[in-house]
Amino acid sequence: MAATEENSSLFPIFILTIMAIPLVPYTFVKLSRAASKKTKSIHCHCSACSKSGKYKKSIFSRISNFSTWSNLTVILLWVAMGVLVYYIKHISGDQVQVFEPFTILGLEPGATDSEIKKAYRKLSIQYHPDKNPDPEAHNYFVEYISKAYQALTDQVSRENYEKYGHPDGRQGFQMGIALPTFLLNIDGASGGILLIWIVGVCILLPLIIAVVYLSRSSKYTGNYVMHQTLSAYYYFMKPSLAPSKVMDVFIKAAEYMEIPVRRPDGEPLQKLFVLVRSELNLDMKNIKQEQAKFWKQHPALVKTQLLIQAQLTRETEPLTPELHRDFRRVLELAPRLLEELMKMATIPRTTQGHGWLRPAIGVLELSQCIIQAVPLNARKTAGASPEGNAAFLQLPHFDEAVLKKLARKKLRTFQELLDMSPEERAELLSQVAGFSNAEVQDIEIVLEMMPCLTLDVTCETEGEEGIQEGDIVTVHAWVMLKRLNGLIGALPHAPHYPFHKEENFWFLLADPNSNNVWFSHKVSFMDETTAISAASKAIEDKMEGSGASVKETSLAVREAVEKVKSGARLVMGKFQAPAEGNYNLSHYLLCDSWIGCDKKGSLKLKVSKRTRAGTRGGGGHVGEEGAGLEDDEEEEIEEEEYDEDYESEYSEDEEDNKQQLLEKKKKKNKGKASPSSSEEEGSGSEEE
Amino acid sequence: MGGGFRLLHLVRPFLAFLPEVQTADRKIPFREKVIYTVISLFIFLVCSQLPLYGIHSTTGADPFYWMRVILASSRGTVMELGITPIVTSGLVIQLLAGSKIIEVDNSVREDRELLNGAQKLLGILIAVGEAVAYVLSGMYGSVGQLGVGNAILIILQLCFAGIIVICLDELLQKGYGLGSGISLFIATNICETIIWKAFSPTTINSGRGAEFEGAVIALFHLLITRTDKVRALREAFYRQNLPNVTNLLATVLIFLIVIYFQGFRVVLPVRSKNSRGQQGSYPIKLFYTSNMPIILQSALVTNLYFISQLLYRKYGGNFFVNLLGTWKESEYSGQSVPVGGLAYYVTAPSSLADMAANPFHALFYLVFMLTACALFSKTWIEVSGSSARDVAKQLKVRKRIKKQIFLPKFFIFLKKVIMIYLQEQQMVMPGHRDSNLQKELNRYIPTAAAFGGMCIGALTVLADFMGAVGSGTGILLAVTIIYQYFETFEKEKASEMGFFGF
């Protein structure tokens, strides 16, 4: 019984410790974060974006709500801890006192015999029954003081006390467990229930959850996109796909096919069809047939296409609540699917391992249009402006009428608007387009948010001069981003896109003449720490590979880190140099959410013929890229000969040498017999 | 050779009955790999807490106490055998294959399958054999006490546990998980001990009031209940019979030191000889052989203990047996500890006080650990094919690397497999004649191996002297394994990004 009583006070201590260990550091982190300044808001502040309501809900209310909730829990936990401490103190008051002779005599542990005697005498005067008539004092003297004195003066018991903590020597010890008693009563009915409960909740439940999760996620790839979608995209992607046709591929995602088509959807969809008909690229001459053909498609395809057109044309009124939910679902999935589609466009297709340029650009244009809710047709050259009105239409308060007015003032391209000074722009906008001051202010805010990008691209064969055919060429691009308002990572202005969307950029190195993408990479400016670690690692690898000293390496790394912090990102990748010749490459930096900030530049790549000097060291391995197996055979022999003289020069004994050669031969045979065993060490290239 | 082939072919009829994990037919995304790893870990943990049904007693000296660390086994539970079957069968098969008793052509698919099957079959046989030996030797009470039914039940439990471990290890190795099952289980077992020693709710009352076993909980307990806070602190930090806070801090310190040392390396720049622009670096780490010397050393010592204990029990009076080791039951745990002979001198001193009392013991232990680790490390590079000559060869031997972009299976129907032929890479060091490569590697690798082994040994000794939780060996094993895991983790993540998220 005594044991359980003791346990009842020990269990709270256990709970207290387990609670305190995460709670205390968490509170400190929380307080220090509160003390430091608030995080900058990185979304667009124009009136259109604020009105769209997504930031209000997602950022403002979430932060305030979340913080109060978590603060509340923290405070509650602290209160619980306080109660526990009080409870423990209260209970441990009437606990068994531990016999500690030194404390009783008022001495430090390890006192000498004379000190003990002195202290004993002093206490005797105070408590001895002869001096003190109080019966309690008598008790105390007999129970504690004389016992303590005896324990400490007797040689054996003192030794025992110092060694085992008890004057009688080693005590048998009792094991217990600091858990509430009901948990320990395994017998009886409650024991069975407890057992079932523990097995069910602690063992079976996690396993079931994991199994369900795994069986469900096997349908998805690493990017939460279905395998089926990827195969459809891969199959339908064609080398020359017009931007308007990209849409037809895009809607074939398995995710969209899963959205049910309900019976009452028919009518609103019909209405929607009438509204967006002009955008559907139907042949006007035999409109009847075309319409019939359109409706004959798979109903899910029709629905998705119409919903996306509804987003592009901003015509969302005819949607019923159910359709609106589907509409939001379609938009929510869009960025993820578009990214996969982009990857499918740039995936190596040709024998040289190049992807396709035209569909890649088309995908990004579609992405921009969906995010900004601008019709695809607005991108086409329309009358006055050579590059379409799309870029203007993404700005708040702009519409066709305003554009017409502006066109009369010879404002043709978006770049011209950007290049103006703020005063000029304000004047133009208020005078010509008739905007109010607040509206002009809104437009300024959006323009300040717009990224301005610069690119610095170099291609080289690392550690060599010039580029020869078959080289592994390293692309080394610094992408620098500037915004007028000084932010680096920011959310784009996208009032018509109802979800949180991050800006992403795609760097493409491509040959526009042959429609080949040589290298592509996604760039994001949101996560600075990852970018820093990636850039410093890339630079470090490069410097170490070229044999630089530690000092040089660390210097270069520091420089790169500074650069990343000031708003640049490093893109590094490798590709194999093609056959000899001059190549006029273009490098693109395309944004997936802003219209009109894409950058394009040209890069001349001169690939020379492979020279003998290029293959350093030994053996004349000239022009052996793409060599078949026979070619390989020849080289094998050369290599062996070569190895032999090197070995005989430097190895100690012939025996060893021969054995090595034998082993080597075996390895080669193995290599030939099983070409599928791919060995990956040592070459991290070509993965991009 | 013919005989060898027949030997391997003997396995063939059993292949159908052996449990097998299907190779992943798609590239498993990173987060799924993590989940698979966590699940197998969870199963392992549950198994190593689940008591065996039908046993009579587990008290008395445990002859395998010293081996439990590297075998990830826990006494009296289903995981009594731990990873012993799988490790032993792996070793045996390696030895057989290495000594050409069974001839295996690794390039033939069927051969590889048969070898795998043989390893599994042997593992299961060993599990059965060990389980029978355990029961018959009376570890759970004599067979008469147990009854035949219970004895068979125990054997069955142990066997199934062995099969489960084999399957889990296979699951992790066949591309569903991260790293290897064996090292994961070892590290988990050790980490479990450390966590338990820190937060255990078990209380022990040895006449001075109940005390918590867990060091951190005891700290709180003492601070709250004792009136004299300074003494309470001192007690929490220095108590002798139970894990204390100093032990815990020492463990953390060792963790940090090892991780710091992991970063020490010499980087050799290498570049491809006939494909230009292929350059990279070959890092030679200080801990070139990682935890191998420690594993070998503890394997040696535990075997010594085992033999010595066995001999001591049978022929306690013999002079030579006593020279090998004399054993005594410890007061606290009822555990046999060596108190004399060679076994005593290769055991870590239990505390600093013990060290001061027997300086010769401490010195001998130190010297033994350092030399053993350095020697094992040097031997290991020769055996495992990571010596300078092997590395030079690896870098030089042409490797026709055929990279397959890992497309999911269905793509193979749609399009022929996309392959990128990288050129053969023959790596040389810039600024050196390539014949110098081996020389250059020779400058670093043996030194790194020997010195690294010594460092590992020294760290183990340090951990032992500071009384880190678990043994020094255990902690070193755990840290190095965790660090390896951390590296694979990073690599997996990077490759996930690089491969377009396939």
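**Ground rules.** I am working with a predicted model, where local features need pLDDT of at least 70, side-chain atom pairs count only at pLDDT 80 or more, and totals for chains, interfaces and linings use all residues. Residues are numbered from 1 along each chain as its sequence is written, chains are lettered from A and ligands numbered from 1 in the order in which they are written, and side-chain values use heavy atoms, with hydrogens and water left out.

**Chains.** I looked up chain A and found 26 helices and 10 strands; chain B has 21 helices and 9 strands. Helices (H or I, at least four residues) and strands (E, at least two) are DSSP runs, numbered from the N terminus. Buried residues make up 44% of the 688 residues in chain A, and 52% of the 502 in chain B. For these labels, buried means under 20% relative accessible area, exposed over 50%, and partly exposed in between (1.4 Å probe, protein chains only).

I also noted accessible surface, from the Shrake-Rupley method with a 1.4 Å probe; for residues, only the protein chains shown count as cover. Chain A comes to about 37000 Å², 56% of it from carbon and sulfur atoms. Chain B comes to about 22600 Å², with 67% from carbon and sulfur.

**Cores.** Which residues touch the most other members of the largest nonpolar core? They are B:Tyr140 and B:Phe185, in a core of 84 residues. Helix α8(B) gives the most to this core, with 10 residues. I also found a second, separate core of 61 residues, including A:Phe250 and A:Leu366. A nonpolar core here is a set of buried Ala, Val, Leu, Ile, Met, Phe, Trp, Tyr and Cys residues joined through side-chain atoms within 4.5 Å.

I then listed the contacts (heavy atoms within 4.5 Å) of B:Phe185. Leaving aside neighbours within four places in sequence, B:Phe185 meets B:Ser40, B:Phe44, B:Ala72, B:Ile83, B:Val165 and B:Leu168.

**Back to α8(B).** B:Leu153 lies in this helix, which spans residues 148–176. I have B:Leu153 down as partly exposed, at 34% relative accessible area.

**Helix α19(A).** In this helix, residues 400–408, the buried residues are A:Val402, A:Leu403 and A:Leu406. They sit on the same side of α19(A) because they cover an arc of only 100 degrees around the axis, the arc being that of the directions from the helix axis to the C-beta atoms. A:Lys404 and A:Arg408 are exposed on the face turned away from the buried side. Among what covers the buried residues I found α18 (390–393) and α21 (422–433) of chain A. Just after the helix, A:Lys410 takes a positive phi of about 65 degrees.

Is A:Asn516 buried or exposed? A:Asn516 is buried, with a relative accessible area of 11%, and belongs to strand β7, residues 516–523. Beyond four places in sequence, the contacts of A:Asn516 include A:Thr350, A:His354 and A:Leu509.

A:Met257, in helix α12 (residues 254–258), counts as partly exposed at 35%.
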